[in-house]
There are 2 protein chains.
Amino acid sequence: MDYKALDGRGLPAASSRSTMLRNVLSLHPALSNGTAETIGGVEARLLEVSRRAPDRLREPVFEALSAGGKRLRPLLVVLSARMGVPEESVLVRAAAAVEVLHTATLIHDDIVDRAASRRGRPTTVAGYGRETAVAVGDFLFAEAFGELAAVGDPRLVRVMAEAAAELASGELKQFRASGELLDVDAYMEHIRMKTAGLFRAACVAGGTLGGLSLRQVDSLATYGQSLGVAFQMTDDVIDLVGKPGRMGKDVGSDLAEGTVTLPIIFALQEGDGEAIRRVLLDPDPAPEDLAAAIAAVRATSAIERTESRARDEVESAISGLTELPDTPERRILEAIASKVVGRDA
Amino acid sequence: MDYKALDGRGLPAASSRSTMLRNVLSLHPALSNGTAETIGGVEARLLEVSRRAPDRLREPVFEALSAGGKRLRPLLVVLSARMGVPEESVLVRAAAAVEVLHTATLIHDDIVDRAASRRGRPTTVAGYGRETAVAVGDFLFAEAFGELAAVGDPRLVRVMAEAAAELASGELKQFRASGELLDVDAYMEHIRMKTAGLFRAACVAGGTLGGLSLRQVDSLATYGQSLGVAFQMTDDVIDLVGKPGRMGKDVGSDLAEGTVTLPIIFALQEGDGEAIRRVLLDPDPAPEDLAAAIAAVRATSAIERTESRARDEVESAISGLTELPDTPERRILEAIASKVVGRDA
């Protein structure tokens, strides 16, 4: 879909509406009708946010919201809500709000990291400069809370504000190697704030909108948190071993940036710490040093240990779901969790 | 008050509580008791936000929230609400939320501008770096909406989210001289988004919390908007002529940064456009060129015309207040408006 079409009043093209739907159908073909429609509604709502943006922000906002995200977080809202009986219009807004909030944090992260590209496209900061990137992120933050407010349930705003506050401190790279803070507990706390909090909030928001019992919402919260932790651990592994089927993606960017992740912590415990530490502390490591550090990590059991912990988290995520009704949506939540630890998308 | 004291459980020291109160008393000595107490409560609430910040953000958050702001926006919430009968705890949170939101936007503005100091102290970005400044701003955004959510009235979240979305686009310096957009209408639209929207939202939030009639809330909205416009125009004049009693403050920073304000627009209409344009287009103008451009502006009636428009706005602000009960709070709102156009604080 062309950005120019935003100026018109046409509905979003089917092709852009179906991104999220395709992802879900690949996980589980037997979606209930309502869920497929809700997913279409969320994409339309995201376009509406772009349309509403002030003139000079509209194009970067549209690009950021349509830049091929997996829509995992809004999907969690929708699936969690559909364990119960949500009101459709309200669910669509809440799910879109979670994706808008997530997008805002990505844009601000990219400013800090001076990242050139994300998902194969130029980042907002690379494409439009820092001034616009700051403004686009702030606009999206405001829109996310505006959408949540329109839902009319202050609990949602609060859940999401708490997650957003944690996310903000997760934006700090607490693990820039300084010789300190390189332990597993600190890593876990960091990724709970940086990644798992919003997964958890998405599930809680959905369960709340579905009118589930407190006990059911609690088990969705546990699911979301564990899923988020597993998701981040898997991401950290992919950074070191590359992604199957995707040649040319930078491998070892965490090491090169001095960001200490769980596999790196494990590797430092047992392997050739020297080669790894050298790269972590070097602001601009040479390619051969980076390759040596990656090899040093892979020579240990660090990757396996991280994958094993991620699988444990996924098992814990799935086991909590037994509190919930046995619906197609629950089976999709299970499939999402299983896919995360062997994920290729 | 020392930052370290935040780790303890003591109440904020009287000295920090009274900043806002001093400002109000200088405007009008006959405050009702309740208003003075509310103002103390707002300062305590701002400290509570600092206390709640994650470890690595606490110190910069505390510094940003206690950096000597005039507390004008929360004061507007409090005074507007006290035209009616607000619930105290809710009012305190809403007023604090407006100041927290305002502080978040200042911190992000300073990142874009690479500003070294604000209110005589290092900015967050200068003191802690860009990474922390982005995170502190995002944390404060989230906290502002969390506080508003706790109030339990979705209308407040919506009013504030709309103002925040406008503010985000106001962060763009639309008036960087590019030979375009140098007209009065565009300037007005820009400052309505950048400054007046939050003044207006503060008054609307207050009036809503006070349980005022729609008609009364509308007149508070008009007051807030006009006050904000007058405030910004006066700020733009001060940037060119300096502030009485404050030596050494940089004069002409808007010109030097290429930001076109109302007095500059007026000056270009009638004066030596050449000297002004040269500085606007020069990314790093020499001091003598800047001095020549300031002299060129002051040689015209631009300053007087801007001040005259600001006075018109203030009159319009005050005249709308006749819809409201004749209380000490209303007289303080009148005094604030009058003071803005001759303001020294």
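This is a predicted model: local features need pLDDT of at least 70, side-chain atom pairs count only at pLDDT 80 or more; totals for chains, interfaces and linings use all residues.
Colleague: Why is E48(A) called partly exposed?

Modeller: E48(A) has a relative accessible area of 28%. Buried means under 20% relative accessible area and exposed over 50%, with partly exposed in between (1.4 Å probe, protein chains only). E48(A), at 28%, is therefore partly exposed.

Colleague: What makes the meeting of the side chains of E48(A) and R51(A) a salt bridge?

Modeller: The N to O distance is 3.4 Å. A salt bridge requires a side-chain nitrogen of Lys or Arg within 4 Å of a carboxyl oxygen of Asp or Glu, so the pair qualifies. Both residues lie in helix α2 (residues 33-52) of chain A, three residues apart, about one turn of the helix. Helices (H or I, at least four residues) and strands (E, at least two) are DSSP runs, numbered from the N terminus.

Colleague: How do you know that R58(A) counts as buried?

Modeller: Its relative accessibility is 15%, so R58(A) falls under the 20% limit and counts as buried. The side chain of R58(A) meets that of D55(A) in a salt bridge of 3.0 Å, N to O. The two residues share helix α3 of chain A and are three residues apart, about one turn of the helix. D55(A), in turn, is exposed, with a relative accessible area of 59%.

Colleague: Why does the salt bridge of R52(B) and E147(B) tie together parts that are 95 residues apart in sequence?

Modeller: The closest N and O atoms of R52(B) and E147(B) are 3.1 Å apart. R52(B) lies in helix α2 (residues 33-52) of chain B and E147(B) in helix α7 of chain B, so the pair joins parts separated by 95 residues in sequence. R52(B) counts as partly exposed at 35% relative accessibility, and E147(B) is buried at 2% relative accessible area. In chain A, R45(A), R52(A), R93(A), E143(A) and E147(A) are linked in a network of salt bridges. Over all chains, the structure holds 30 salt bridges.

Colleague: What makes the link between the side chains of D153(B) and R155(B) a polar contact?

Modeller: The distance is 2.8 Å. A polar contact is a pair of N or O atoms within 3.5 Å; within protein, one must be able to donate a hydrogen and the other to accept it, and residues adjacent in sequence count only if both atoms are side-chain atoms. The pair of D153(B) and R155(B) is therefore a polar contact. D153(B) is found in the loop between α7 (130-151) and α8 (154-170) of chain B, and is buried at a relative accessible area of 16%.

Colleague: How do you know that the two copies are related as by a two-fold rotation axis?

Modeller: Chain A can be laid on chain B with an RMSD of 0.0 Å by a turn of 180° and a shift of 0.0 Å along the axis. The two copies are thus related as by a two-fold rotation axis. In chain A, the C-alpha nearest the axis belongs to P154(A), 3.2 Å from it. The superposition is by least squares on the C-alpha atoms of residues with pLDDT of at least 70 in both copies.

Colleague: Why do the copies meet through the same surface?

Modeller: Of the interface residues of chain A, 100% are also interface residues in chain B, so the copies meet through the same surface. The contact (heavy atoms within 4.5 Å) takes 35 residues from chain A and 35 residues from chain B. The area buried between the chains is about 3300 Å², of which carbon and sulfur atoms give 67%. Buried area is the accessible area (1.4 Å probe) that two parts lose on being put together, summed over both. The count between chain A and chain B is zero salt bridges.

Colleague: What makes R114(A) count as exposed?

Modeller: R114(A) has 62% relative accessibility, so it passes the 50% limit and counts as exposed. R114(A) also has a positive phi of about 50° although it is not a glycine.

Key:
Residues are numbered from 1 along each chain as its sequence is written. Chains are lettered from A and ligands numbered from 1 in the order in which they are written. Side-chain values use heavy atoms; hydrogens and water are left out.
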